Amino acid sequence: MINLEDKFEQDEGFQNPEDRAFMLSKIRSVFGSAAAPAKNLLHELRETRKPEIPDDILQRPISDLMDNEKIAKSFQSTGVTIRELLNTSHPENIPALKKLGAIAELELNRRLKKFKMLAENFFDDEAPDINLIKKLETLYGLKRVRLAELLGTSVASLSIKLKKVINRGRWRGKILDEDDEQVFAKMHKENHSQEISHEKKYMILKGDNPENQALLVMSDGKVNCWLSVDMPEELRQLLLDKPEPEIIDSEPEPDIPDVDEIMTANATGNIISIMKEKFFCPDDYQGFANLAAKREMTIEAYSEFIFGLKLKRWTSQMITDTKIIDLFEKRKNRNGKIPAAVSRENWIYQFAKRKGFDKFSDFVKFYGYEPE
């Protein structure tokens, strides 16, 4: 027999004193000061300690949990936050949710279950953080054309994403590492507001109040942002002590479509995907051509201008990713795998061959499925 308190007091595996104190409190609550076997107890105790969910996530509206925009709209008006939802064992008893139907209640329970499993990883780091972008535009004068350039997308595509109801992105709440701190310190010392270093893009923004600042790092399609309250104290003081960053937006803004024009153009067709590449495909070809003519553009150039996508004319022989995925979903077995017999359907077999897949199993894997 071994005294657990002595073991954990002597254990050098605890780099964080809080972890050691937490383990000791658990031991005392279960065993008092008595000796007890230590086998597997460390693992069990660590498992009971759940990570804290950042406050900015808990303050999100529950509509952010939904993956269906229609259902998200029905939740948007309730004003209920994720924190309120987690603090009750019976969400259906929250007054603001009682008026919602059974389908909405089922969807809420399904998404809440997934959120509890993933916690802060539930949200997509690569999706635009709609709420934060609007704050950066309002408080720091961030121009959408600059943001689109840094994200490697078109202003039109970015505007469409920001028009959506569901706010999937979470750009705040990450730890600012030492390398990034050094780059920001160097930028401020040299009076630069933008810089590219080690395949990362950096930006410093300042609002009307010198204490209101924002730091952005973009890499591999992901964006991390720190507002003044998120920054380490030493870095914040350093930025306050230096002059304003240089203004580099002296050139006039390029001609960009407004949201109404984007939505009007979007209503004339659909964005489709072929071999995971997106295209705009007009249904109302003449209507789209008329909009292009007003800009004195070809329809191909107008598609690039509005959506940042190539134009694809619809044909009856066109095979989209949606058609392929629909087939896989219908034919997959109970284990979720795609039977080899699917390749006997001539249209999909010939399509895979034309696209360079000698093995049909490789084609199945390309779409994220497992062959049988």
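**Helix packing in the predicted model**

In helix α9, the buried residues are R146, L147, A148 and L150. Directly after α9, G152 adopts a positive phi of about 70°.

The axes of α9 and α10 approach within 9 Å and cross at roughly 105°. Because angles of 65 to 115 degrees count as roughly perpendicular, α9 is classed as roughly perpendicular to α10. On the α9 side the contact is formed by R144, V145, L147, A148 and L151, and on the α10 side by V155, L158, S159 and L162. By class, the residues of this contact of α9 with α10 comprise seven nonpolar, one polar and one charged. L147 and A148 of α9 are buried and also take part in the contact with α10.

Helix α8 spans residues 130-140, and its buried residues are I130, L132, I133, L136 and Y140. An α-helix has 3.6 residues a turn, so residues three or four places apart point the same way. The buried residues of α8 pack against α9 (144-151) and α10 (155-163), as well as against the strands β2 (200-206), β3 (213-219) and β4 (222-227). Just after α8, G141 has a positive phi of about 70°.

A further helix pair is formed by α16 (residues 321-331) and α17 (residues 346-354), whose axes come within 12 Å and cross at roughly 125°. This angle makes α16 oblique to α17. The crossing of the pair is left-handed. In the contact, K323, I324, L327 and F328 of α16 meet W347, I348 and F351 of α17. The residues of the contact of α16 with α17 divide into six nonpolar, no polar and one charged.

Over the whole protein, 18 helices and nine strands are assigned. Of its 372 residues, 39% count as buried. Among contacts with a separation of 6 or more, 57% are accounted for by residues 24 or more positions apart. The protein exposes about 22400 Å², of which 48% is supplied by carbon and sulfur atoms.

Note on methods:
Residues numbered from 1 in each chain as written. Predicted model: local features only at pLDDT ≥ 70, side-chain atom pairs only at ≥ 80, totals over all residues. Heavy atoms only, no water. Buried < 20%, exposed > 50% of the residue type's maximum accessible area, 1.4 Å probe, protein only. Helix = DSSP H or I, 4+ residues; strand = E, 2+ residues; numbered from the N terminus. Contact = heavy atoms within 4.5 Å. Axes fitted to C-alpha atoms, helices over the stretch in contact; angles between N-to-C directions. Parallel < 35°, antiparallel > 145°, perpendicular 65-115°, else oblique. Left-handed = near helix turned anticlockwise from the far one by under 90°. Nonpolar A, V, L, I, M, F, W, Y, C, P; charged D, E, K, R; others polar. Areas by Shrake-Rupley, 256 points an atom, 1.4 Å probe, with all protein chains shown as cover.
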